[in-house]
Protein chains: 2
Amino acid sequence: MPDTALQDYLKAVYKLQETAGSEPGPAGEPVSTSALSERLGVSQASVTGMLKKLARKDFVSHEPYRGVRLTEAGRRVAVATIRRHRIVEQFLVEALGFTWDEVDEEAEILEHAVSEKVVNRMWEVLGRPRSDPHGSPIPSSEGVIEPESDARPLTETPVETPVRVTRIRNRSPDELRYLGGLGLELGAELVLEEKAPFDGPLLIRVGGRRHALDPRFAHAVLVE
Amino acid sequence: MPDTALQDYLKAVYKLQETAGSEPGPAGEPVSTSALSERLGVSQASVTGMLKKLARKDFVSHEPYRGVRLTEAGRRVAVATIRRHRIVEQFLVEALGFTWDEVDEEAEILEHAVSEKVVNRMWEVLGRPRSDPHGSPIPSSEGVIEPESDARPLTETPVETPVRVTRIRNRSPDELRYLGGLGLELGAELVLEEKAPFDGPLLIRVGGRRHALDPRFAHAVLVE
DNA sequence: CGGGATATTTAGCCTTGCCTAACTTTTTCT
DNA sequence: AGAAAAAGTTAGGCAAGGCTAAATATCCCG
Ligand SMILES: [Mn+2]
Ligand SMILES: [Mn+2]
Ligand SMILES: [Mn+2]
Ligand SMILES: [Mn+2]
């Protein structure tokens, strides 16, 4: 498919708007060229070029020098791509026996190759799951994403209160295996014992063991 | 993937060499620019351009004005692609409930997106099948294709001798459904009652019913 | 407020595949 | 054989997506 790049750009805009704490779409925070450049591993000049193409096709609105926002059409493409990605990941784990740390790379490619028909069949075969192997919600085929109840990053959790892991944001396979090794898996119970100041490491207790956790990782662990 | 085109070209050369009744590879019959042009739905000029690229990369040997043959490297790429294609087709039918007439289109895309790891897992989950939903053999991961016993096109079958369908060559979904409607499915028993001269239609009896079959289709039905 | 630093865009190029039109080689047919 | 037809190649372009270097906006700070 030649729209691989297009889908990846729109997905990146979506996630960056979301990360900025806003609803991805026409009303959300604009996303900068440099943020996209870094996220996609592509030069800023290339991003500018592609943004102009996306704007011409009405998938984003682009105000030169001040970033882009997804249009409604762009949001739909992004969400559909995220849906395919997450269903493929879940399928690889549940139906083909992959481990959760190795599926993202495969899904990053398959998300552009798998038809709606195929992805819908996968979803049915899996028993219509609501989330992927990392706890991220699977958008409906109509593009609706169930709001994530009251999941917060581990870094914003009160001390000495038991919480449960509901989602682990995208990390490299090595990092995911590290977290898994600590016992930080979906559904795991843990307690934040101490939080060093100045955005320092956290001291957590999980499965009877105590570990220091770098805030970089703690940000990626969502709990409730 | 940017090698989608490359893989499709090599696959096409492979199948055309095979169709010409020769072993695909350095020793087989050369394949003409126009045959590739027609099969791939691309202009002859485009084929020439791509053949030069493939020759430069040593996937084919190209003697200008007289066609190409696969090199050993080219044969390996072609066979690996065919393996992915056929495993994906079998998986779509057996694991996801697709019908045999709708899988080729999906597989034509997925064959370029699915990694060796994924395709090998599919093959395992399927119980290591030896052939795809159309009866075509699945090459081993080492690139070996089990020779097809003594399968012959229906057109070359003796009259009044019961035979069994072992393979149905690639046809459009509509045509495949038509054949299925006649009872011509994998494993079906049938008798050729009469064969009109001048490459005319065949009269066949299958499942108690008699049908006239155009030789175009009869060529695509292999029996033993 | 005026730079300088930083972010963004423009300009110019490249590769991949594909196209049409024109030219050349090979085949075929009288 | 010789010419017309068919097959194949070359020439010149286009769109997608990249890149680097240079130009220009915007931002931030003294
Ligand atoms: Mn992922
Ligand atoms: Mn992707
Ligand atoms: Mn097929
Ligand atoms: Mn293909």
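Predicted model: local features only at pLDDT ≥ 70, side-chain atom pairs only at ≥ 80, totals over all residues.

Trainee: In which helix do His85(B) and Glu89(B) lie?
Mentor: The two residues are 4 residues apart, about one turn of the helix. Both are buried. The helix that holds them spans residues 72-94 of chain B and is H4.

Trainee: Is Lys11(B) buried or exposed?
Mentor: The side chain of Lys11(B) meets that of Glu108(B) in a salt bridge, at 2.7 Å from N to O. This pair links distant parts of the chain, with Lys11(B) in helix H1 and Glu108(B) in helix H5, 97 residues apart. Glu108(B) has 28% relative accessibility and counts as partly exposed. For Lys11(B), the relative accessible area is 8%, so the residue is buried.

Trainee: How does Arg216(A) stand, buried or exposed?
Mentor: Arg216(A) forms a salt bridge with Asp214(A), at 3.4 Å from N to O. Asp214(A) is partly exposed at 30% relative accessibility. Exposed means over 50%. Arg216(A) has a relative accessible area of 52%, and therefore it is exposed.

Trainee: How many salt bridges does a search of the whole structure find?
Mentor: Among the residues involved, Asp8(A), Lys11(A), Glu108(A) and Glu111(A) are linked in a network of salt bridges. Over all chains, the number found is 31.

Definitions and conventions: Residues numbered from 1 in each chain as written. Chains lettered and ligands numbered in written order. Heavy atoms only, no water. Buried < 20%, exposed > 50% of the residue type's maximum accessible area, 1.4 Å probe, protein only. Salt bridge = Lys/Arg side-chain N within 4 Å of Asp/Glu carboxyl O.
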